[in-house]
Amino acid sequence: MSSETLRVGVLALQGDFEAHRRVLAELGAEANEVRTPAGLDGLDGLVIPGGESTTISMGMEREGLDEAIPSFHASGSPILGSCAGMIVCDRDHLGIADYVCRRNAFGRQLQSFEQDLRIEGLGEEPLRAVFIRAPWVEEQGPGVEVLAEIDGHPVAVRDGSVMAVAFHAELTDDSRLHAAFMAMCTAARSAESAPR
């Protein structure tokens, strides 16, 4: 891998981390599975995938990632939260983004659905979004940018260097969301290496 290659981690404690890793690799990133704080070393960004938010939170606490991830974020490294990952980033969990989620907001597994969503920053073409026991943002601070809504409920948001979506972006062949996240990582890396 050249020094230009982005190194993006995918939290691999539980959930569909392998699918995210595959999308990132197809887009040209060096995609690594992260299970311990040491796994964050040298990364340009981190994806927190879907799964079960309580299980993911317990795993992070067990491994010391509940402190390591906020430190990683505070250093300027972008984070993408998807479905349960959106919940894990909120005020009540890792506290790295200024919003609060409602879990299973659209209902349980049987209420899973797909919808075409126009997401701010991804162009005019809608993105096919897969919602499985999905959350939505119940309340957000003034600095949180809403990128997409369903029936007035935010399902894609950005708060500084945290981008979070209520759906599973890794389950379709549309990789624009991951590409947008990689662009955030590239911008953050450029800012870090710029002369002060």
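This is a predicted model: local features need pLDDT of at least 70, side-chain atom pairs count only at pLDDT 80 or more; totals for chains, interfaces and linings use all residues.

Colleague: In which sense do β10 and strand β11 pair, and over how many bridges?

Modeller: They pair in the antiparallel sense over four bridges. Strand β11 covers residues 162-165, and M163 in β11 is the bridge partner of R158.

Colleague: Which residue takes a positive phi in the hairpin of β9 and β10?

Modeller: D151 does, with a value near 50°; that hairpin also has two residues between the strands. Five bridges join β9 (residues 145-150) to β10, and the two run antiparallel. A148 stands opposite A156 in β10.

Colleague: Why is strand β10 described as largely enclosed by the rest of the structure?

Modeller: A residue counts as buried when its relative accessible area is under 20%. Five of the seven residues of β10 (residues 153-159) are buried, so the strand is largely enclosed.

Colleague: How many aromatic pairs does the model contain?

Modeller: The count comes to five aromatic pairs. Planes under 30 degrees apart count as stacked. The ring centres of F113 and F131 are 4.7 Å apart and their planes lie at 10°, so this pair is stacked. It links distant parts of the chain, with F113 in β6 and F131 in β7, 18 residues apart.

Colleague: Is F131 buried or exposed?

Modeller: F131 is buried, at 1% relative accessibility, whereas F113 is partly exposed, at 23%.

Definitions and conventions:
Residues are numbered from 1 along each chain as its sequence is written. Side-chain values use heavy atoms; hydrogens and water are left out. Buried means under 20% relative accessible area, exposed over 50%, partly exposed in between (1.4 Å probe, protein chains only). Two strands pair if DSSP finds at least two bridges between them. Rings of Phe, Tyr and Trp (its six-membered ring) pair if their centres lie within 6.5 Å; planes under 30 degrees apart count as stacked, over 60 as edge-to-face and the rest as tilted.
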